[in-house]
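Let's take a walk through this fold, strand by strand and then helix by helix. Keep the viewer open as you read.

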Amino acid sequence: MNTLLIRQTVVDLCIALSQRGHFSGTGGNIALRIDAQRIAVTPSATDYLTMTAADVCVLRLADLAPLEGDRAPSVESSLHARVLRARPDVQASIHTHQPVASACALLGRDLEVPPGALQRSLGARVPMVGYAPSGSSWLSSKLVRKLRADTNAYLMLNHGALCCGPSTSTALQAVEDLETLARAHLTRLIDARAQQEPQRQPALQRVTDALAG
């Protein structure tokens, strides 16, 4: 099977996520399932706006052995592989540093998801994965323990987020829906703080306005 199309899809997704502000510079990464044995993964330390399909790495899912591509794969390849092995229904795994959800990742708490479209996309709760260094097996082990078949978004403490889905479009939608959920959550926290500390209301209102975009 020629992998050019799916490697180009990785490039297109990275550009789209960079333009949306969910990737920044070389931060953030993607893995797409090619078939039962192979995945396509973003290369390490590569500016996504200059990346080409030839830069995308093809790895064996079972042990991350390199199959195609000359560049080193993302340090988070193991994180994505653990998701794709544990969730055969998942086609796409996206790790972002999206700004608002990443702010929620500093708070150390799960996010409850209201019933409706967001819950159908993300699941009833966005779990918080405990801190571990980026790229470590410790981090991927912590994430795997939180994986659920009905949950497509995860926060990683002091790090960022991971979203997944049965297609690239559903995984991308989960990224956007997580940002919407996080924005509403932070806005509620700031409003509550403003009620408790009226003297800070002007400053807190500026933060709320910035969140609203």
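Which residues point one way from E1, and which the other way? Asn 29, Ala 31 and Arg 33 go one way, Ile 30 and Leu 32 go the other, and all are buried. "Buried" here means under 20% relative accessible area, with exposed being over 50% and partly exposed in between (1.4 Å probe, protein chains only). In a regular strand the side chains alternate between the two faces of the sheet. In E1, 5 of 5 residues are buried, so the strand is mostly covered.

Before going on, some ground rules. This is a predicted model, in which local features need pLDDT of at least 70 and side-chain atom pairs count only at pLDDT 80 or more, while totals for chains, interfaces and linings use all residues. Residues are numbered from 1 along each chain as its sequence is written, and side-chain values use heavy atoms, with hydrogens and water left out. Helices (H or I, at least four residues) and strands (E, at least two) are DSSP runs, numbered from the N terminus.

Now for E1's neighbours. Two strands pair if DSSP finds at least two bridges between them. E1 pairs antiparallel with E5 (residues 92-96) over 4 bridges, and there Ile 30 has Ile 94 as its bridge partner. E1 also runs antiparallel to E2, over 3 bridges; the two form a hairpin with 4 residues between them, and Leu 32 is bridged to Ala 40 of E2.

Follow Ala 40 onward: its bridge partner in E3 is Val 58. E2 (residues 38-41) and E3 (residues 57-60) are antiparallel too, with 4 bridges. Val 58 in turn stands opposite Glu 68 in E4, where E3 and E4 (residues 66-68) make an antiparallel pair over 2 bridges. The hairpin of E3 and E4 has 5 residues between the strands, and Leu 64 in it takes a positive phi near 65°.

What about the aromatics? A search of the whole structure finds 1 aromatic pair. Phe 23 and Tyr 48 sit 5.3 Å centre to centre with 45° between the planes, a tilted arrangement. For the cut-offs, ring centres of Phe, Tyr and Trp (its six-membered ring) must lie within 6.5 Å; planes under 30 degrees apart are stacked, over 60 edge-to-face, and the rest tilted. The pair links distant parts of the chain, 25 residues apart: Phe 23 is in the loop between H1 (4-19) and E1 (29-33), Tyr 48 in the loop between E2 and E3. Both Phe 23 and Tyr 48 are buried.

On to the cysteines. There are 0 disulfides, a disulfide being a pair of cysteine sulfur atoms within 2.5 Å. The sulfur of Cys 57 is 11 Å from the closest cysteine sulfur, in Cys 14, which is too far for a bond. Cys 14 is buried at 0% relative accessible area, and Cys 57 counts as buried at 2%.

Finish with H7 (residues 201-212). Its 12 residues should span 16 Å at 1.5 Å a residue, and its end C-alpha atoms are 16 Å apart, which agrees; the expected span is 1.5 Å times one less than the number of residues. Its buried residues are Leu 204, Thr 208 and Leu 211. They cover an arc of only 55° around the axis, which puts them on the same side of H7; the arc is that of the directions from the helix axis to the C-beta atoms. The face turned away from that buried side carries the exposed Pro 202, Arg 206 and Ala 210. After H7 comes Gly 213, with a positive phi near 75°.
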